[in-house]
Amino acid sequence: FLDRLEGGSAYNIPAALRLRGALDVDALERALGEIVRRHEALRTTFPERGGTPVQEITPFNGFILPVEDLSALGEADREAALRRRAGEEARRPFDLSAGPLFRAALLRLGAHEHVLLLAQHHIVSDGWSRGGLHQELSALYAAYREGRESPLPELPVQYADYAVWQRKQLEGEVLDRQLAYWRERLVGAPELLELPADRPRPPVRTYEGATVPVNFSPELLELLERLQALGRSEGTTLYMTLLAAFQVLLSKYSGIEDIVVGSPIAGRTRGEVEALIGFFVNTLVLRTDLSGDPSFRESLRRVRETTLGAYEHQDVPFEKLVEELQPERSLSHSPLFQVMFTLQNLADGAGREGAGTALPGLSVSEAGAEPASAKFDLSLTLAPTSHGLRGGLTYSADLFERGTVERMARHLERVLEQVGANVDVRLSRLDLLGNAERTLVLEEWNRTTAEYPADLCIHELFEAQAARTPGAVAVVFGGGQLTYAELNARANRLARHLRAQGVGPEARVGLHFRRSTDMLVALLGVWKAGGAYVPLDPDYPADRLAYMLEDSQAHALLTAGEVACALKSTAARVIRLDAEREAVAAHGAENLTDEFARGRAAYVIYTSGSTGRP
């Protein structure tokens, strides 16, 4: 359904393995072919019959490993070609109706260096399957390299057998009971978790994304060990602790207390399917209520209840859940949840994905990072390693900048630090800002001290700029514009006109204009004449404007256009720039001599507060 709806390569599972040493290409090709023969899922396609997709399993007709020789290129060009080819293979769409849905290619970089590119579509594989494929590849390559036959036993069942079994298990009362749990659990859940993003959500998501590494400090790992000890006493796991902390972070960011995230579960509940390659993983929808400002300990208990209930009812496929609940579908976001959380636990099959491939006589390593696609707005993936918890925060490039997600990762660490130090801390007391970030936000970004010529008035600073860049555009309005020289000249002429009308130091002059170039000419002209301007909003009631003119004891009122007619009679001398434009233009355009004292008033502003006083 997703392939037909959205297309693209968001559900590709790519891998690129750098192989250093004497590679037996024939043994590698034969090993890959045997894996395809063993697993029907890798030979399955999904054509439509009468508008319905069906499984078709193709007989095994051999396997060819294409080899591309890049060894003639220089080192820099070779690595660039490798990155380009790996990216192309990772992103190349699969045709679900025609197949194949598993492909491999070998890049020859030199006599003793190759890169193996592998790609599977998610419809026939998952993370556990990927780990199993690598294990089988190791065993088969070792055997064929030594001239032995396959050491692997035949598979007792195939994926199609599992599909039939699953359908029989999930019907009637069993299915109804499972669905009833999810209907009750998710009734009224928010359909969209809106996090503060850097860009508006597009109507159609592109799946473009990237990943920010998440590496917890040694100090935090010590706190997590303390939390694990607490978890054992509370009946919770590391998974539940990390999920609770992540949901708290999402609540802090979004400002809501009803947090829904998705989380994958291996789905391998039967021993017969452990060795199969296929799509077994299911997605659980985990909804946690964080209302009432609970302590983290209480939040952890709520998460425990949520996850245990979800595990107990994990057999309903996510697609079936969407079909039953019928959330509003949108091409802009995934249904039911938009944020994913994964803990790759080495004790389960998900951990097998990271086990790597051991090929005798070869050094095997990842050939650079795989291109990241973002199936969701955010996906946090963590895994225990010999160096502690490591992982990444994958984000949609449609919504977020990298810096935003890097801050989010730091804030997650801050949450864990605080709950690790005090598990009974209230959620409202959790502080996302560390000392360095707090200093940056509250002090550095608020430091407004700047050197400037304090002995000059504002209009004199403008005159200096006009002298430096007379031909530069100073103001644009509508279809017209003024350069610095033109604006300065018009303001000088008006200032001389105002002085002729008695405007001098501390004289208040009302400015009653719509936004326009005349408004800026008037403002500068009042300053150059020595006066202080009083802004008068034309949208204010006439009585309010009359009060402001009277209270400020305005000596003159500058206005123009239709707004001039709205003013009631005033004692101030009314100067209409449109009507007196010729008289103003008759004055000189050079700067005026400013003999007045510094420190005089620049403006008198009336607020919209209750007193209405300036």
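**Entry 1: overall**

I began with burial: 47% of the 614 residues in the protein are buried. For this I took buried as under 20% relative accessible area, exposed as over 50% and partly exposed as in between, with a 1.4 Å probe and protein chains only. This is a predicted model, so I kept to pLDDT of at least 70 for local features and 80 or more for side-chain atom pairs, while totals for chains, interfaces and linings use all residues. Residues are numbered from 1 along each chain as its sequence is written, and side-chain values use heavy atoms, with hydrogens and water left out.

I looked up the secondary structure next. The protein has 17 helices and 21 strands. Both are DSSP runs numbered from the N terminus: helices are H or I with at least four residues, strands are E with at least two.

Then I checked the dimensions. The radius of gyration is 35 Å, whereas a compact globule of 614 residues would have one near 25 Å. That radius is taken over C-alpha atoms, and the globule rule is 2.2 Å times the number of residues to the power 0.38. Along the principal axes, the C-alpha atoms fill a box of roughly 110 × 65 × 55 Å.

I turned to contacts, meaning heavy atoms within 4.5 Å. Of the contacts with a separation of 6 or more, 75% join residues 24 or more positions apart.

The protein has 67 positive and 84 negative charges, and their mean positions are 2 Å apart. Lys and Arg count as positive, Asp and Glu as negative; His and the chain ends are not counted. I took each place as NZ of Lys, CZ of Arg, CG of Asp or CD of Glu.

**Entry 2: aromatic rings**

I paired rings of Phe, Tyr and Trp (its six-membered ring) if their centres lie within 6.5 Å; planes under 30 degrees apart are stacked, over 60 edge-to-face, the rest tilted. The count comes to 14 aromatic pairs. Tyr-159 and Tyr-162 make a tilted one, 5.7 Å centre to centre with 50° between the planes. Both sit in helix α5 (residues 159–169), 3 residues apart, about one turn of the helix. Tyr-159 is buried at 17% relative accessibility. Tyr-162 is buried too, at 9%.

I then looked at Trp-527 and Tyr-533. Their ring centres are 5.8 Å apart and their planes at 55°, so this pair is tilted. Trp-527 is buried at 12%, and Tyr-533 at 13%.

I noted one cluster as well: Tyr-159, Tyr-162, Trp-165 and Phe-280 form it.

**Entry 3: single residues**

Is Thr-306 buried or exposed? I found it buried, with a relative accessible area of 2%. Thr-306 lies in helix α9 (residues 296–312). Beyond four places in sequence, Thr-306 touches Tyr-181, Arg-185, Leu-286, Arg-287 and Thr-288.

Gly-50 is in the loop between β3 (48–49) and β4 (52–53). Gly-50 is exposed at 85%. From Gly-50 to Gly-87 I read 37 residues in sequence and 36 Å in space, C-alpha to C-alpha.

Gly-561 is in the loop between β20 (556–559) and β21 (573–576). At 25%, Gly-561 is partly exposed. Leaving aside neighbours within four places in sequence, Gly-561 is in contact with Arg-576 and Asp-578. Gly-561 and Tyr-452 are 109 residues apart in sequence and 37 Å apart in space, C-alpha to C-alpha.
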